[in-house]
Amino acid sequence: MAHSDFSQMSAIAAVVGNYGWREVVVVYIDDDYGRNGVSILGDALGNLRAKITNKAAMPPGISQSEMGNILAKLALEEARVFVVHMNSDAGLNLFSKAKDIGMLSSGYVWIVTDWLSSVLDSTVLATDDMNSLQGVIGLRRQNPNSEKRNEFTRVWKRLQTTHMVHSSLNVFGLYAYDSILMIAHSINAFLNQGGNFSFVEQNTLSNKSGSNSELAALKVFEGGAQLRKIILETNFTGVAGPVQLDKYRDLMGSTFEIINIAGTGFRSIGYWSDHTGLSVTLPEYSATINHNQSHVKPKLHDIIWPGESKVVPRGWAFPNNGKELVIGVPRKIGFKEFVTTVNDSHTPKGFCIDVFVAAVNLLPYAVPYTFISYGTGNSTPSYDKLVEQVAFKNFDAAVGDISIVTKRSKIVDFTQPYVESGLVVVVPVKEIDSNAWAFLRPFTVQMWCTTGAFFLVIGSVVWILEHKSNPEFRGHPKQQIMNVLWFAFSTMFFSHRENTVSSLGRAVLIIWLFVVLIINSSYTASLTSILTVEQLSPTIQGIDSLASSNLPIGYQSGSFVADYLSGEFNIAKYRLVPLNTRDSYAEALSLGPKKGGVAAVVDELPYIESFLSTRCGYTIVGSEFTKSGWGFVFPKDSQLAVDMSTAILDLSESGELQRIHDKWLKNDICSLEARAVHSNKFGLESFWGLFLVTGIVCFVSLFVFFFRMIFQFTRYADAYNEESPGKSHSLSLRSAKVLRSFASFVDEREDNEKIRRLKRKRAFKKMDPEFELSQTQSRPI
């Protein structure tokens with residue numbers, strides 16, 4: 001009938017996880033009861049990615065002075081969440097001593113197991129004891145109200161009055177009563193099943209040494225196995241609630257009420273059960289909540305924490321042990337604007353140092369620290385080894401231009417990145433010599449060909465549309481071809497002399513002149529850029545072409561770049577050349593591979609931007625092929641790393657991070673034009689929309705023109721047959737003759753066609769005297 005600690009410790013772990021605490025200190029009685037509970041709590045916290053950072057064992061009968069010494073040591077630790085798993089007498093003494101030390105002030109969290117609620121239910125504590133428990137969170141076994149329980153409580157109160165008993169009844173008294181009921185029910189069931197109480201002597205208990213031990217006098221109950229089976233199958237409702245054992249022979253259905261000690265008593269802040277977890281309502285009501293809301297994070301009611309604070313404690317504090325944080329700083333010999341050591345001392349300066357100091361100043365608590373240089377000063381130290389020093393606890397943290405990479409993140413924790421970074425390739429560039437065909441550079445070959453073809457197409461379309469009605473587009477075939485070519489290419493300079501008289505021709509010409517305007521403007525702008533800005537051309541196009549070559553590559557000594565290039569791109573180690581300063585970068589790139597230098601330098605973007613700010617004649621090719629950042633290094637599971645990340649975000653949002661950046665890294669930058677490596681050529685993809693519109697207009701205009709010609713030709717053929725019936729055979733629907741006739745009709749001047757229509761009209765008047773009268777009546781008055 002004793003409850004398993006598994007449910008109780010699971011409830012405590014749920015409270016810890018609800019507030020996001022990750023480190024817990026356990027104070028427990030050093031016996032089987034205490035040790036077993038701590039072991040189960042450790043497993044429950046591990047499931048929530050929390051852990052026990054310290055275990056303070058209190059031996060039974062420990063004196064208050066010894067207890068005070070243990071608590072004083074715990075007060076110097078970082079964790080501020082304490083779980084107390086003790087008996088009532090030792091537990092009350094513990095809180096009395098903790099209050100004297102000042103461990104019940106703001107920022108602390110105290111969670112106790114169900115021993116405290118049993119004391120509060122059964123006795124009235126003294127004022128001093130209640131004062132030392134203010135803000136404590138406890139567990140209280142929840143038992144449903146029932147008629148049996150109410151009746152039992154009334155009987156108990158009568159017994160208290162009759163026998164002058166001042167002790168109240170707690171939940172353990174209810175379970176004690178139910179344990180007696182369980183035995184009574186089981187014996188009754190045993191007898192009903194025909195069981196018999198008979199005892200026999202057990203020879204195995206005889207003392208083989210022949211001593212006078214009374215063990216030999218013990219007798220064994222013959223129906224023990226049957227009675228035990230009945231007990232394990234017990235299922236009834238007692239005064240404490242349902243009584244039933246699970247397969248592990250523990251009571252089923254554990255439910256706890258979460259209480260908060262405040263004032264002269266306690267108040268309920270929520271519930272926990274093994275079925276519903278944490279909730280602010282009773283488990284039987286929580287079970288009816290729609291399953292669609294099951295993903296909502298469980299919450300408890302507001303808690304009055306130690307020190308009468310209503311702010312949820314962080315769960316940790318900077319250790320108040322008088323020790324300073326020992327922070328390792330790389331001793332660089334290049335790019336000293338990021339981090340450097342002043343005059344061989346331990347006083348560093350630079351962009352990274354200023355960001356760290358500004359972030360520390362935003363923390364809500366004081367953090368004493370001291371900087372220690374790492375490295376000999378002859379070359380930039382290995383950053384991987386610096387990170388390992390933090391992992392091995394030789395340094396409490398590391399500050400500098402340290403990249404956040406997977407290999408390092410496995411052994412330490414990084415803060416929020418304060419600089420975005422990524423690997424890029426920088427190469428030397430060479431000038432492009434001008435030549436006689438430089439004027440062709442603005443457009444690609446495809447663009448030149450397409451533009452020329454459209455000039456011819458537009459000239460032909462306009463000639464077709466204007467040839468019938470415009471005398472400037474008529475004449476000898478040779479002359480017409482010259483006119484088409486002259487008209488087409490003269491539109492490039494808007495100097496065409498021919499006038500367009502047809503509506504369709506004008507529509508085509510307007511669209512084309514607009515296209516020509518755009519093409520001319522783009523050509524002029526690009527050619528001006530080519531002739532006025534010195535163009536540079538890189539010898540390498542990006543990381544892929546660099547990796548596929550056999551050229552030497554420079555990198556910054558001490559960085560992760562060498563391992564990354566050899567691991568990700570299979571670049572041989574002998575091709576990688578370590579460099580330290582921007583001067584060595586420039587020298588190696590200027591010499592080139594043939595003179596003992598390098599073909600390119602691969603480094604992080606902040607370094608390359610710093611290098612290019614004072615060194616022209618070099619450029620970045622390709623794009624960033626990694627994405628990372630710089631962060632400060634702390635040991636695994638460090639709470640200080642979390643607070644520093646928040647401080648870095650505050651610096652970024654307030655603009656202070658940008659001001660620090662401008663202070664150290666905003667230098668004179670070479671003009672972007674001098675570092676331009678891309679071509680200023682325009683391709684067809686930049687103008688295909690204009691060409692498409694022009695083509696559609698031409699097609700529609702030709703379609704309308706030929707549709708009208710066919711319609712007029714049909715009327716012309718019918719009229720001609722009526723005027724010359726004897727020659728009808730010459731305009732028959734034979735395909736060859738029809739095509740020749742249609743071609744002649746289209747080629748015929750529009751004036752001749754008008755004369756023919758006039759003659760045909762006169763012929764109708766002679767044949768039909770009423771024709772003129774109908775024409776007169778049809779005219780408007």
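## Terms and basis of the model

A polar contact is a pair of N or O atoms within 3.5 Å; within protein, one must be able to donate a hydrogen and the other to accept it, and residues adjacent in sequence count only if both atoms are side-chain atoms. The model is predicted, with local features needing pLDDT of at least 70 and side-chain atom pairs pLDDT 80 or more, while totals for chains, interfaces and linings use all residues. Residues are numbered from 1 along each chain as its sequence is written, and side-chain values use heavy atoms, without hydrogens or water.

## The whole chain

The protein chain holds 26 helices and 27 strands (DSSP runs numbered from the N terminus: helices are H or I with at least four residues, strands E with at least two). Of its 781 residues, 43% are buried (under 20% relative accessible area, with exposed meaning over 50%, for a 1.4 Å probe and protein chains only).

## Helix H2

Helix H2 comprises 15 residues, 32–46. At its start, a side-chain oxygen of Asp-31 comes within 3.2 Å of the backbone nitrogen of Tyr-33.

The buried residues of H2 are Gly-34, Gly-37, Val-38, Leu-41, Ala-44 and Leu-45. Viewed down the helix axis, they lie within an arc of 125 degrees, so they line one face of H2 (the arc is taken from the directions from the axis to the C-beta atoms). The face turned away from this buried side carries exposed Asp-32 and Asp-43. Among the elements covering the buried residues are helix H1 (5–18) and strands E1 (23–29), E2 (51–58) and E3 (81–85).

Conventions:
The expected span of a helix is 1.5 Å times one less than its number of residues. Contact means heavy atoms within 4.5 Å.
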